[in-house]
Amino acid sequence: GNLTYEHWTRNSGTEYIGLGCNLQDGDTKFKENLRLVKSDDIWNFEVTGVNENPTNFPVIQQDENSFECENRNNEFPKIIQYALRDSLLIARISGDDSEITFRFEKLDERN
């Protein structure tokens, strides 16, 4: 009864806008606004809607199919990783001794 979704839209060549939510038995239990934006040749992953102020995670590593961002000052997560593996998008959040992995399948947007 617990499902996690992310929906991403490419806004421009330097900005992606996302929405993440967790549903339990059809009710929204958690929602966050996501933004991946490039400024001065540096990508930044921004999370809003969870804390009072936006939480920023500068991208510290990237290649053609993955990226990793980090904010050691954030309570949890401290590290966010995304990787495209075949037809799955794997997202991993971690910090200190805790790690959560999400496996996202692309849904047909026509439904």
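Student: Which strands each supply at least two residues of the lining of the second largest pocket?

Tutor: They are E1, E2, E3, E4, E5, E7, E8 and E9, where a strand is a DSSP run marked E of at least two residues, numbered from the N terminus. This is a predicted model, in which local features need pLDDT of at least 70 and side-chain atom pairs count only at pLDDT 80 or more, while totals for chains, interfaces and linings use all residues. Residues are numbered from 1 along each chain as its sequence is written, and side-chain values use heavy atoms, with hydrogens and water left out.

Student: How do you know which residues belong to the lining of a pocket?

Tutor: A pocket is an open set of points on a 1 Å grid over the protein atoms alone, where a 1.4 Å probe fits and protein lies on both sides within 12 Å along at least five of seven lines, and a lining residue has an atom within 4 Å of a point. In the second largest pocket 28 residues form the lining, and those nearest its centre are Phe30, Glu32, Val47, Pro77 and Ile93. Pro77 sits in the loop between strand E6 (66-70) and strand E7 (79-85), and the bond that joins Phe76 to Pro77 is a cis peptide bond, with omega about -5°.

Student: Which strand gives the most to the lining of the largest pocket?

Tutor: E1 does, with seven residues, although E4 (42-48), E5 (55-63), E6, E7, E8 and E9 are also among the strands that each supply at least two residues there.

Student: What makes Arg35 and Glu46 a salt bridge?

Tutor: A salt bridge needs a side-chain nitrogen of Lys or Arg within 4 Å of a carboxyl oxygen of Asp or Glu. The closest N and O atoms of Arg35 and Glu46 are 3.8 Å apart, so this pair meets the definition. Arg35 lies in strand E3 and Glu46 in strand E4, so the bridge ties together parts that are 11 residues apart in sequence. The two residues also belong, with Glu15, to a network of salt bridges, and the structure holds five salt bridges.

Student: Why is Glu46 called buried, and why is Arg35 called partly exposed?

Tutor: Buried means under 20% relative accessible area, exposed means over 50%, and partly exposed is in between, all with a 1.4 Å probe and protein chains only. Glu46 has 19% relative accessibility, so it counts as buried, whereas Arg35, at 27%, counts as partly exposed.

Student: What makes Glu70 another partner in a salt bridge?

Tutor: Glu70 pairs with Arg72, with the closest N and O atoms 2.9 Å apart, and Glu70 is partly exposed because its relative accessible area is 24%.

Student: What is the phi of Asp25, and why does Asp25 count as exposed?

Tutor: Phi of Asp25 is near 55°, a positive value in a residue other than glycine, and Asp25 is found in the loop between strand E2 (15-24) and strand E3 (27-39). Its relative accessibility is 66%, so Asp25 counts as exposed. Asp96 has a positive phi of about 50° although it is not a glycine, and its place is in the loop between strand E8 (88-95) and strand E9 (98-105). Asp96 has a relative accessible area of 66%, so it is exposed.

Notes
Helices (H or I, at least four residues) and strands (E, at least two) are DSSP runs, numbered from the N terminus.
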